[in-house]
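Hello,

Here is the structure I promised to pass on. Please open it alongside this note, and I will walk you through what turned up.

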Amino acid sequence: MREENISALEFEGHRPHLRAVAFRMLGSLSEAEDAVQDAWLKASRADVSEVENLAGWLTTVTGRVCLDLLRSRQSRREDPFDGEEPRVRLGRRADPEEEAVLADSVGLAMLVVLDALSPVERLAFVLHDLFAVPFAEIAPIVERSPETTQRIASRARARVRGTTAVDGDLARRHRAVEAFLQAARDGEFTTLLTLLDPSVTLRLDEAAIRLSGGADLVGARAVAEAFSGQARLARAVLLDGEVAVAVVPRGNLLMVFTLRFEGDRIAEIRAIGDEAALTALELHVP
C-alpha cells in the first residue's frame, strides 16, 4: 500500500480544534501553539493511509505532545535548578484577544483546578470530558488500560467538582483585581480607595524600584495615588493558583505584583522586577 502523508492544508483545517485541546491541557496559548506545531511535525512524517478518523488521530497526537510537556513541567518544578529554560506562560506570540476568547471558554476556575491535576489526570479528563475522546483512544497515550484510564478520569472529575467553593472566592478576587486595574487606567481615585484596605502596603524589590522609580508605601491613599492613571500595560494573571498582576509591554514580562487580600480588599502588594525571580514564575492568563 502506498504511504500517504497529511498535507499542510489538511492540517490547517484542524488547527483551531487542536489549539483548543492544547490550551485546555497546558493553560497557555503560547505553549499550545508550540504543542500544535510539534504535533504537525510529527503528523507530517507519519503514514495516515489507514487513519479513518483524522481529527481523532490528530487529537491523540497533540495529546501525547501535551502530556510530554506537562511531565517535563512537573519534573522541573521538583528540580528548579536544573539549568532548563525559564517558563513564563505569557507567550510573546500569543494574540491577547484570541487568548482571552480561549480563556473565557475554559473559565478561570477550571484553569486553576486543571493545574492541580497530575499530567495523566489532566489529559484523561480534558480529552474525555471536554472533547469526548473515547477511553480506548486515550489509554495508549497514558500507557494504561481503558478501564484504568476511565478510573483516572473519574478521579480527576471528582477533584474538579470538589473545588467550587474555593474557586468562587478566587473568581471574586479576580473581579476585584480587574476592577482595580480598570480604575487605575481610568484614574478613578475614589474607586481605587474602595478596593484597597486602609492599611494596605506596597513593597518593591530593588529591580522594581529601578524600573518604576517608586518606593515602598503604606496606606490606601498613598498606594492609590501611585497606581492612579497607570496600569495600561498590566493584566490580571494567576500565580500559584492565586490572582496576581503582570506588566507585559510588547509581550515581554517586565514586572509582577503579588497580592494579599483582607476580605474583598487588597491588603498587600509586592512588586517583583528581578529578572531571575521572574523567570522562575509560572503565570496563567485567566
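This is a predicted model: local features need pLDDT of at least 70, side-chain atom pairs count only at pLDDT 80 or more; totals for chains, interfaces and linings use all residues.

Contact here means heavy atoms within 4.5 Å, and helices are DSSP runs (H or I, at least four residues) numbered from the N terminus.

Residues are numbered from 1 along each chain as its sequence is written, and side-chain values use heavy atoms, with hydrogens and water left out.

Back to the helices. The axes of helix 1 and helix 6 come within 9 Å and cross at roughly 140°. That makes helix 1 oblique to helix 6. For these values, axes are lines fitted to C-alpha atoms, for helices over the stretch in contact, and angles run from 0 to 180 degrees between N-to-C directions. Angles under 35 degrees count as roughly parallel, over 145 as roughly antiparallel, 65 to 115 as roughly perpendicular and the rest as oblique.

Helix 1 (residues 8–26) also packs on helix 2 (residues 29–44), where the axes come within 8 Å and cross at roughly 135°. This pair is therefore oblique as well. On the helix 1 side, the residues in contact include Phe11, Arg15 and Leu18, and on the helix 2 side they include Glu31, Val36 and Trp40. The residues of this contact divide into 12 nonpolar, 1 polar and 4 charged.

What about aromatic pairs? A search of the whole structure finds 3 of them. In one, the ring centres of Phe11 and Trp40 are 5.2 Å apart and the planes are at 50°, so the pair is tilted. Rings of Phe, Tyr and Trp (its six-membered ring) pair if their centres lie within 6.5 Å; planes under 30 degrees apart count as stacked, over 60 as edge-to-face and the rest as tilted. Phe11 lies in helix 1 and Trp40 in helix 2, so the pair ties together parts that are 29 residues apart in sequence.

Helix 6 (residues 119–130) has another partner in helix 7 (residues 135–142): the two pack at about 155°, with their axes 10 Å apart. That makes them roughly antiparallel. Val120, Leu123, Ala124, Leu127 and His128 of helix 6 make the contact with Phe135, Ile138, Ile141 and Val142 of helix 7.

Finally, have a look at Arg157, which is found in helix 8 (residues 146–161). Not counting residues up to four places away in sequence, Arg157 touches Phe125, His128 and Asp129.

Best wishes

Key:
Ala, Val, Leu, Ile, Met, Phe, Trp, Tyr, Cys and Pro count as nonpolar, Asp, Glu, Lys and Arg as charged, and the others, Gly among them, as polar.
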